[in-house]
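Below is a short report on one structure.

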Amino acid sequence: MWVLIHDLLHTRRDGAWHLKSSSYPKLRLAAQWLTDQCRMAGLTIRHDEAGPRGLRVLHAIK
């Protein structure tokens, strides 16, 4: 599934605020699907957990 990510960056320069905005498509993968794919590829999962704000940390080795 694709999701559209929007970035808004506010910077202060020469005493004034400036806004830069952008967007890009991002592929969203289910965590279980990704770990299954790693295992099927012969990798060993060393670490797999949800981090802050939904960030997923996956460490796989051969």
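Arg56 is partly exposed, at 41% relative accessibility; the term covers values between buried (under 20%) and exposed (over 50%), with a 1.4 Å probe and protein chains only. This is a predicted model, in which local features need pLDDT of at least 70, side-chain atom pairs count only at pLDDT 80 or more, and totals for chains, interfaces and linings use all residues. Residues are numbered from 1 along each chain as its sequence is written, and side-chain values use heavy atoms, leaving out hydrogens and water.

Arg56 forms a salt bridge with Asp48, with 3.0 Å between the closest N and O atoms. The criterion is a side-chain nitrogen of Lys or Arg within 4 Å of a carboxyl oxygen of Asp or Glu. The whole structure holds one salt bridge.

| Residue | Relative accessibility |
|---|---|
| Asp48 | 32% |
| Arg56 | 41% |
| Leu29 | 42% |

Strands are DSSP E runs of at least two residues, and helices are H or I runs of at least four, numbered from the N terminus. Strand 1 (residues 2-13) has twelve residues, of which zero are buried, so the strand lies largely in the open. Strand 1 runs antiparallel to strand 2, and twelve bridges join them; pairing requires at least two DSSP bridges. Arg13 stands opposite Ala16 in strand 2. The two strands form a hairpin with two residues between them, and Asp14 in the turn has a positive phi of about 55°.

Leu29 lies in the loop between strand 2 (16-27) and helix 1 (31-40).
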